[in-house]
Structures are given as C-alpha cells and as structure tokens.
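Welcome! Take a look at the sequence and the structure below, and then we can walk through a few parts together.

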Amino acid sequence: MAKIVVIGSGFAGHTAAMYLCTKLGKAHQVSVMSNNEKFSYIPSWVWVGVGHMAPEKTVFDLGPVYRRMGVQFVHAAAREIHPDSGDQYVVGEEIGTKKQVRLDYDYLVVATGPKLNFAGTPGLGPEAGYTHSICSLPHAVKARDAYLEVVEKMKQGQKQRIVIGTGHPGATCQGAAFEYLENIHKDLVKKGVRQQAELLWLSNERTLGDFGVRGMQVKDKDQILHSADFIEAVFKDHDIHWQTQTGVTRIEPGKIHWENYAGEYGETEYDFAMLIPQFQGQPFKYIGKDGADVSARLVNKAGFVLVDGIYDLPYDVLERNPDAWPSAYQNPNYPNIFAAGIAFAPPGPISKPHITKNGTSISAAPPRTGMVSGVIGRVVALNIVDLIKRGRMTHHERMSEMVAACIASMGDSLWDGNAVVMIMYPIVPDVKRFPTESGRDLFVSLMEMGLAGAWMKFMLHYTFIWKFKGLPGWQIIPE
Amino acid sequence: MLLSDKYKKRMSSKLFQFWRFIVLNIKILRAVDHSKRS
C-alpha cells in the first residue's frame, strides 16, 4: 500500500487529493495535511472585499468531503519535511492542540500556496502595516470594513484617494488587484459617490495589461488588439488613473513610497490602499537523515520547490526556451516529491524584468491562477498514480503548453455587471511554435469584455464549489 | 484607443451578451479540452 501525503488543500492540493483517491481507491492511503479545515474559493474574495458576497459563501468544510472520498485529513500546519530514502515523513503542528503530528509518505505533494510576505515591504498589510489585502478571507473582511468606512466618508462629501495594485517590486497577482479596483469603481458608481473618489492603479507591470504574463495580443477583426491599449481604454472610460513600472518600497500611514523604472523615488498619498504582497514559498525545514539541512536540494532562495525546470537562465535565453518550464513538477533530487500550484519554483518571470539604476529589480513574478494550479494538481496526481501502477509517468504539461481561461470581474451584478473574459494559449509564450509578436496562438487567444463575463464569473463560483465538494460529475468540470 | 459607444452598447445588450455567453463557454471548453489531453 502506497502512502501519499498532500500538504495544502487549495486549488492545487485539493484537486490532487481528489484525483489521487478517485484513481487509487482504498488500496492506497491518501492524506491531506492542511492548516485550514475549510476549502477557500479565493476568486470570490474580490466580492467579499467590496461587501457584495458574504464570507461564508466562499468556504466549505473539508472534513465531510474527505471522509466521503476516503482521504485522511490532518488539520495541522506542516513544519518539517524529512525527504531521505527510508525515512520519509512530514511533521506538522496540530491546529488547536499544537501537538506534533507525523505523516509518513511514499509520495509527497507540496501544494501549500504562497506565504504572503507582507514583511517584504515595511508598513504593508493589515496586521503589522497600514494597507489592506484580499489574499486571505480575514483580510478580505477587514478590507471590506475599511472600504465601507471610506464610502461613508464619501457620502459625507469627503474626497478619498483609493490606491490598488502591487505592494512589492516583485509581486504578482495583478489580475486580482485589477478585479478589486474595477469592482470598487462599479460599487462607487452604484452608490452615487464615484465623483468623490480618485482611483489609482499602482503597479510593477512594465505596461498596463501586462498582468505578469507579458500582456496579451488578440485578433480583433483584421487588427491586433493589445491588452495595454484595451486596459488603457477601460481605465480612461472609468476615470481611473494609473502608474505602472513602479515598485512599492515602504508604506507609512497615508503615504506609499516607491521607486520607478527610471530609479526615481517618489511617494503617493492614499486614504485606502489594497496592495498585493510579494509571494514566497512556505518556510518549512527540510531535514536529512543525519539531521542536516537539505533545503538547497529542494527549494530555491524564495522557498519555492525546485522541480524539473531549467533554472538560472538569463531572461533573454529563457524567453526563447519554453521547454525550460517544468512539465511533470517533480523535484530532481527527490523524485517522489512533487510541487503543484504556486508552491513550485518557476524558472523565471514571464514578463520582461527590469533592474533600476539603483539595482532594484522591479519585475512582476509569474502568476499561477486557480485554473493553472488545478491543472498542475491533476497532472501531479495522475503522475503519482502512474508511478504506483506502472512505474513511469505519462502526464506532462508545461505552462508553455497550457491554456488558461481567466475571467476578471468588473462588477458582479447579473443585470448590469461586467467582466473581461480572457483565453490565453499558451500561458508562457512560445515563439518557436507561434512566431507572432506575442508568442501565442492568435486563433485561440481571446479577450472580451461584457455582461456575459459577469454571468460566467457567477456561474464559476457555484460550479467550482460543486466540483471541489466532489459532488456527482465533478470530474467533468474542467480545472 | 477608446471604448466606442457601439462597443459599450454590445457589452450591456442582454440578447447579444446571451449569445456571447454561449459562444465564450464553448470556446473555453474547446480550449480546455486541449489541456485535458495531458
């Protein structure tokens, strides 16, 4: 009987666990260790953050789902991984009791999601800092409450400046921040106070519409439409100001300090700010048989798990080598350890990085959306099933071969809402297969805004919660 | 580039957007089907 341990119960980890237990059945033991006993449908926290969705509608208890599927669930925070042959186990700290828990494994999936590194920017974040976040449910609730206070001030006639974007020169997830900004815009219009607000998009992107994926180009009748032009048109229409090529360096009450591409230092005042922090890998201890620190064999400096990618290539080389991206998400030193979703170390950025004259790297990190995380979770699970049943892996999918469908909400109303629907293929441009300026398939890639997108985003919320609850037909619903 | 009035009307037209809802879902499912081959 093989023992498979999955650390994490988000899009990647939960997807992996569901496929593992379904394909392996009771002959093998699938365990999930997670510090969260609820599954979180993160995409809807944008709506929680503007007070348009109750927080409890975005989560559900994992215990009953795992019991029904035959998965052992351990509610603990993983702390140590012992990967050496003959002595492979994970040590966690049980939530509540703080008791040590040990799970032995034959195969391990690290699917932890990011460590939200608010500390990487002094003054960032709602706990030790002055800005807000929608990256966790408690933070989204806090952001909502603070946002509604700002709305009250606007109703009293006060002008308020709202700044949304990235809170670190190397942050990612610009898409989520964009959604939050546009939902705020729509909400303020509906509340009749939009003219009291100055909205500013502050981001580390090279251009508007970059989103950490080098932007998008799509065919629009006979022309090529660039996401930069598209987002600029949207922002102009919505009276949203923007400042890109900017890395936030520290925050104080009412003031954001930044450095831009030109190496100039500046500051921007704010009344309410939601800025995405830098992501890092979870800081586990990786301990060898003799007690030695073996983390260099497993993770990079940021704590993301090394997999079967080609690392340390200069950007101009990486850009021309889409095969440098991993396909099996397997650690090269410990072949029974896999990493899925945000936990794996990407070989580099998708968007072109920038180093200022002061030596600051202002470079959007590559995003891993829910869909991508789910696909990788599935690939990893099926490869582990292959190894157990056949002794060799048959599933491979690089991000340079993967399609991503993203729906960026710009207002949740089913009557007059809005969203941008994007299909990006492949996620990581491949100029060898698609010798266009974008390196993507212009027949498949798509970017369209409208009410239909709002309906689709709403549908996704309920469809995916159905899927992640493992209810009938869950496998038919794509990741 | 500016969002034209025609574009904005299409964005909010219920009938047109219902058509786009069907088309976009089909496009996404077809694109995703490629991914399922892995």
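## Terms and source

Two strands pair if DSSP finds at least two bridges between them. Helices (H or I, at least four residues) and strands (E, at least two) are DSSP runs, numbered from the N terminus.

This is a predicted model, where local features need pLDDT of at least 70, side-chain atom pairs count only at pLDDT 80 or more, and totals for chains, interfaces and linings use all residues. Residues are numbered from 1 along each chain as its sequence is written, while chains are lettered from A and ligands numbered from 1 in the order in which they are written.

Let us start with strand 5 (residues 72–82) of chain A, which pairs with strand 2 (residues 29–34) of chain A in the parallel sense over four bridges. Here A:Phe73 of strand 5 has A:Val32 opposite.

Strand 5 of chain A also pairs with strand 6 (residues 89–94) of chain A, in the antiparallel sense over six bridges. A:His82 is bridged to A:Tyr89 in strand 6. These two strands of chain A form a hairpin with six residues between them, and A:Gly86 in the turn has a positive phi of about 85 degrees.

Strand 20 (residues 285–286) of chain A pairs with strand 5 in the parallel sense, over two bridges, and A:Lys285 in strand 20 is the bridge partner of A:Glu80.

## Where chains A and B meet

The contact (C-beta atoms, placed from the backbone, within 7 Å) takes 29 residues from chain A and 19 residues from chain B. On the side of chain B that touches chain A, helix 2 of chain B gives the largest share, eleven residues.

How values were computed. Contact = placed C-beta atoms within 7 Å.
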